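Subject: Structure handover

Hello,

Here is the structure for you to look through. My notes follow below it.

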Amino acid sequence: MLIGGHVSPDDPIATAAAEGADCVQIFLGNPQSWKAPKPRDDADVLRASPVPIYVHAPYLVNLASPNNRVRIPSRKILQQTCDAAAAIGARAVIVHGGHITEDDDERAGFERWRKAMQQLESDVPVYLENTAGGDHAMARHFDTIARLWDHIAEFGVGFCLDTCHAHAAGEDLLSAVDRIKSITGRIDLVHCNDSKDAHGSGRDRHEHLGRGMIDPDALVVVVRDAGAPVICETGDDARKDDIAWLRQRVQGDSRT
């Protein structure tokens, strides 16, 4: 099982070595910007590296939005992110589910997602990630994810399960893997994060593993049951410790 972390894009391979990470996740641009990622001078090095690299799409992406000024740029930046991810040999691009507005129809949001996947041309898979909050989110609650999945599964979309987000959404973690696999048939990546907030809070605030509000045993169960690569999206100050913490509990590996 590959266990790694979300790291600075400056030199992800060196950071992986320093933190004992088997894989890494990075942003290819400003996660709060619509600007296209710039070509990387080290693209050849990243493509040749044995360390798998995952790319997280910008947070602004909302493929379900009824607002043209959000939805159209979202499609554009996702395409640009996928192109940039392919240039470095990334394994996948992870994207949040987005949301609709209170007066919008959920089915319209699903159809907007479907149209985005129809238009996307990518050699790199896209993974849908469950999200933490929002009353009109497309991927917060598992039952909504099931309805969205009916519209997009045929396009080869993968799934990324985030433990903090599921906890914040009020979902049960011990059964999360079985329930998601019953919907999607797959879990391609796990974001293993503890939470600063209580179950069902709707708040997306990650904490280092074993220091937050999630039962540590539940984190281990999710990772073991998913059987997928793992990314710890925790702070630079102790992410290395999180990787070691998880590896020891999942694999019985005492490496530090």
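Start with Tyr54, which is buried at 3% relative accessibility. Buried means under 20% relative accessible area, exposed means over 50%, and partly exposed is in between (1.4 Å probe, protein chains only). Tyr127 is buried too, at 8%.

Before you go on: this is a predicted model, where local features need pLDDT of at least 70, side-chain atom pairs count only at pLDDT 80 or more, and totals for chains, interfaces and linings use all residues. Residues are numbered from 1 along each chain as its sequence is written, and side-chain values use heavy atoms, with hydrogens and water left out.

**Aromatic pairs**

Rings of Phe, Tyr and Trp (its six-membered ring) pair if their centres lie within 6.5 Å; planes under 30 degrees apart are stacked, over 60 edge-to-face, the rest tilted. The count is 3 aromatic pairs. One of them joins Phe27 and Tyr59: the centres are 5.3 Å apart and the planes stand at 80°, so this pair is edge-to-face. The two residues sit 32 residues apart in the chain. Phe27 is buried, at 11% relative accessible area. Tyr59 is partly exposed, at 41%. What about Tyr54 and Tyr127? Their ring centres are 6.4 Å apart with planes at 45°, so the pair is tilted. Tyr54 is in strand E3 and Tyr127 in strand E5 (residues 126–129), 73 residues apart. Strands (E, at least two residues) and helices (H or I, at least four) are DSSP runs, numbered from the N terminus.

**Cores**

A nonpolar core is a set of buried Ala, Val, Leu, Ile, Met, Phe, Trp, Tyr and Cys residues joined through side-chain atoms within 4.5 Å. The largest has 67 residues. Ile88, Trp113 and Leu128 are among those with the most contacts inside it. Helix H8 (residues 216–226) gives this core its largest share, 6 residues. Another core, of 8 residues, lies apart from it and includes Cys23 and Leu189.

**Pocket and cavity**

On a 1 Å grid over the protein atoms alone, a cavity is a set of points where a 1.4 Å probe fits but cannot get out; a pocket is an open set with protein on both sides within 12 Å along at least five of seven lines; lining residues have an atom within 4 Å of a point. Grid points are joined across faces, edges and corners, and a volume is the space filled by probe spheres set on the points. The largest pocket has a volume of about 190 Å³. Its lining has 13 residues, with His96 and Gly98 among those nearest the centre. The whole structure has 1 cavity of 30 Å³ or more.

Best wishes
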